Amino acid sequence: MSSKLSTFICQNCGTETSQYFGKCLNCNSWNTIVEEIKSKRSKYQDIKKSKKAIPFNEISSKKISRFTSGFSEFDRVLGGGIVPGSVVLLGGEPGIGKSTIVLQSAGKISLNEKVLYVTAEESLEQLKIRWERLNQKSIDLKIFAETNLSLIIEEIKRVNPSFAIIDSIQAIHNHEMESSPGSVSQVRECSSELQNLAKQNNIALLIIGHVTKDGALAGPKTLEHLVDVVINFEGDNISSHRLLRSIKNRFGSTFEIGIFEMIEKGLREVKNPSSIFTNKENISGVTTTITNQGTRPFAVDIQALVNKTFYSNPRRTTTGISINRLHQILAVIEKHLGIKLSDFDCYVATGGGFEINDPSSDLGVAISILSSLKNIPPLASSSFIGELGLSGQVRKSNNLRTKIEEAARLGIKNIVVPKLEENLTSFQNLINIKEINNIQEAVKYSLSE
């Protein structure tokens, strides 16, 4: 009897079927199903039955000892540093700087720990050119250029590093499988083997992964479930700034962000992100809000332009804010302030195009729209925080104390917030706090001529 069998796997969602279909029955994608050969022989037939289940009170726990990545912004996103034995998946668009930040971090880590960098996409000479451009220093950093999984595992066992880097997982192949490198089966199998190796030898492993045309990490989702930490490296081809954002983290909070700037000699940390997204201008249509990403607060400018429309349907355009959120805010303004906005086009954008999902920015958006409509600058040196309810009330915001602290640190003199229950007298000498109940009070205080 043959020891091999065929299976058909969708390269988009990873669904397995026993026969070929032109269209995936799970994700409805066309021509994504590929035949792959699998071995019938189980890999687990020789497992020794030495482990037994034990109760919680017999499990010994110790404090996690982390080591630094060399970047405080990177450490923040990781939850305080790199955990030995953890597996980190770093994804991002081509050319965004994934290999650059990892190589810089490897150089810094090698000053205190043993590091192995496995490059499957570049030759040693190409990597040396990048290294010289970055002008980094290293002590115990070894480079290994290979695409064969078996040889990579043998080299990791031989070197036994504290930190290993795989660049990238899509370029590595397992010779025991007949599918091509980068396929769903290859990515899952190679990642699983590397994860087992990292856990058994207490090696911190960082895997660089490609993204699909939809912007999701290739793999697909099974790869994200396999690892401990998933980080996206975001940016665009025009701006020099890059955002490092955690999507999953078993050792820290999710949706933390770290901000970097791409310069000639690589990536540089931006330790005061509020300086990027605010200009401290006092002009009509511009307000400042304090938003949270993970546990980190920082200030972002909200810009609005309200202009008489020349169309039967007014235009509504946003950058960095949900269009549905804008429609809701405009409806609240029309209903509770009696201002007819259906005759006006409305354009809203955040400073630097930063994407805000925090509903506490609603008040800042509303004030910027009304400021542009009336052509009146809002109250000078002010920040606006609060979620706008459908009844016109300004609802409470999460992490309000940290947001007020950030506003005071930036030198903002006034802050408009929802009615508070807690005592904030500790801020009375640092910033003027104006408490409001509804949108009418906010407009009366912020846009009085």
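Ile 64 counts as partly exposed because its relative accessibility is 45%, where buried means under 20% relative accessible area, exposed over 50% and partly exposed in between, with a 1.4 Å probe and protein chains only. This is a predicted model, in which local features need pLDDT of at least 70 and side-chain atom pairs count only at pLDDT 80 or more, while totals for chains, interfaces and linings use all residues. Residues are numbered from 1 along each chain as its sequence is written, and side-chain values use heavy atoms, with hydrogens and water left out.

**Around Ile 64**

- Ile 64 lies in the loop between strand S3 (33-39) and helix H1, where helices (H or I, at least four residues) and strands (E, at least two) are DSSP runs numbered from the N terminus.
- Not counting residues up to four places away in sequence, Ile 64 touches Val 83 and Phe 251, contact meaning heavy atoms within 4.5 Å.
- Ile 64 and Ile 82 are 18 residues apart in sequence, and their C-alpha atoms are 9.8 Å apart in space.

**The nonpolar cores**

- The largest nonpolar core has 31 residues, of which Phe 74, Ile 101, Phe 163, Leu 206, Ile 231 and Leu 244 touch the most other members; such a core is a set of buried Ala, Val, Leu, Ile, Met, Phe, Trp, Tyr and Cys residues joined through side-chain atoms within 4.5 Å.
- Several elements each supply at least two residues of this core, including helix H1 (72-78), helix H2 (98-109) and strand S8 (204-209), and H2 gives the most, with 5 residues.

**Helices H4 and H5**

- Helix H4 (residues 149-159) and helix H5 (residues 184-201) pack at an angle of about 10°, with their axes 11 Å apart, the axes being lines fitted to C-alpha atoms, for helices over the stretch in contact, and the angles running from 0 to 180 degrees between N-to-C directions.
- That angle makes H4 roughly parallel to H5, since angles under 35 degrees count as roughly parallel, over 145 as roughly antiparallel, 65 to 115 as roughly perpendicular and the rest as oblique.
- Residues of H4 including Ile 152 and Ile 156 meet residues of H5, among them Leu 194 and Leu 197.

**Helices H9 and H11**

- The axes of helix H9 (residues 362-374) and helix H11 (residues 439-446) come within 11 Å and cross at roughly 50°, which makes H9 oblique to H11.
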